[in-house]
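Here's a quick tour to read alongside the structure. Keep the viewer open as you go.

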There are 2 protein chains.
Amino acid sequence: MTEPKTRRRGAELEQAILDAAWDELNEVGYAALTIESVAARAATSKPVIYRRWPGRAELVLAAWGRNRPPVTYATDTGGLRSDLISLFSRIARRAEGMVSEAIAGVMGEAFRHPEVADLLRDRLRTAPLANWVQEIVDRAADRGELTQVAVPKRAARAPLDLVRNETMMYGGPVSDETIAELVDDVYLPLLRGLGS
Amino acid sequence: MTEPKTRRRGAELEQAILDAAWDELNEVGYAALTIESVAARAATSKPVIYRRWPGRAELVLAAWGRNRPPVTYATDTGGLRSDLISLFSRIARRAEGMVSEAIAGVMGEAFRHPEVADLLRDRLRTAPLANWVQEIVDRAADRGELTQVAVPKRAARAPLDLVRNETMMYGGPVSDETIAELVDDVYLPLLRGLGS
DNA sequence: CCCATAAGAAACGCAACGTATCTTAAAGGT
DNA sequence: ACCTTTAAGATACGTTGCGTTTCTTATGGG
């Protein structure tokens, strides 16, 4: 029991720890995740983990970094509204995959450790979002659904911000109804208003 | 030292505890706030606190409930844009007074305790917001700045959601520049778009 | 084959948890 | 004025996880 026979090292060991952290995160959640539980699960010991990451937040961010879903591209669905519904759904699904309880937990620590805050912000940002929105708008303009317009950065970020807010406030997955409201009552009017 | 002479009871004692919790929250933050530290500060003992609140989150929410700034009304500044700037600033200032580190902390626990989540949501909601937005829009319509329109609930909530997102993501106070962007690049276009 | 490196085991003191026990001050009814 | 009920406050308990230190020993590179 005290070490079967093989002693892992370097990358292999690191991956095993991150897998253990990820499993633990999904099974018991961030609040109940302890360094000791991860160490036990990975069949290693605390110092091994502390040698690599300064604390729980960083460990979880690292684990999450290896397991988050890839960013997918916004396809042309043939209409502005359906393009937006598709975009918002994609964002929402991605946000859900991020285990919002963990985000909230890490956030709590982020305030005390600015490095963690920066790390977290990087993770929550979806870099190509602005381009996607602009592409959707361009296509809509080609179809005559909107007047051609450059979407300001703030406006391009809004879908992500609105979905994130929804996820953080209500925990669970974002309903189709909510997505429809965000598109119909907020984002579509916004895009239309940009053109006037 | 072991009890000067007077022993507080009921409401008086409760208030003393909540004051202590509030002070502690502002001085050391949520992460470092412990039941023991609050008990010490209030010059009482742990059981007294546990008899009243089940845990840290509830205690902090209670303390916060007694100390949050009153909701103030949106005055007529004479123009749509300045009305909105004023509204967003008000929301932002209120959000800052709420010690976002504490919100994040409570949020982390909220996921494991649905009652806490409900409590927290109540606290973060600003009930009369929809009316304020509608009033601002009505006034703007009277001035001829917008066409008269009923603002959907989602759209009316957006200012709060956007500011909250900003506060949670960046911690510190929301800059005037950010507020201007939110108004000029997001909310003004949105309101204009609702009218078309 | 040897040796520098790092894995793993074990134990440390510390802090805070949440609970249980007991004494005693305060409030209120008669 | 007394006596009963209520709850405040002190104290101590076992528990858990922290983050660190110390030491042994397996492993892989040279």
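The notes below cover the DNA side, the chain contact and the nonpolar cores.

This is a predicted model, where local features need pLDDT of at least 70, side-chain atom pairs count only at pLDDT 80 or more, and totals for chains, interfaces and linings use all residues. Residues are numbered from 1 along each chain as its sequence is written, while chains are lettered from A and ligands numbered from 1 in the order in which they are written.

**DNA strand D**
- Around DNA strand D sit 24 residues, each with its C-beta atom, placed from the backbone, within 6 Å of the strand.
- The closest are A:Arg7, A:Thr34, A:Ile35, B:Thr44 and B:Ser45.
- By class, this surface has 11 charged, seven polar and six nonpolar residues; Gly counts as polar here.

**Where the chains touch**
- Chain A and chain B each put 34 residues into the contact, meaning C-beta atoms, placed from the backbone, within 7 Å.
- On chain A's side, H10(A) gives the most, with 10 residues.
- That side of chain A divides into 17 nonpolar, 10 charged and seven polar residues.

**Nonpolar cores**
- The largest core holds 55 residues, and among those touching the most other members are A:Phe88 and B:Leu190.
- A core joins buried Ala, Val, Leu, Ile, Met, Phe, Trp, Tyr and Cys residues through C-beta atoms within 7 Å, with buried meaning 20 or more other C-beta atoms within 10 Å of a residue's own, all placed from the backbone.
- A second, separate core of 54 residues includes A:Ala42 and B:Trp64.
- Leaving out residues up to four places away in sequence, B:Leu190 touches residues including A:Leu190 and B:Ala155.

Technical notes:
Buried ≥ 20, exposed ≤ 12 C-beta atoms within 10 Å, placed from the backbone. Contact = placed C-beta atoms within 7 Å. Helix = DSSP H or I, 4+ residues; strand = E, 2+ residues; numbered from the N terminus.
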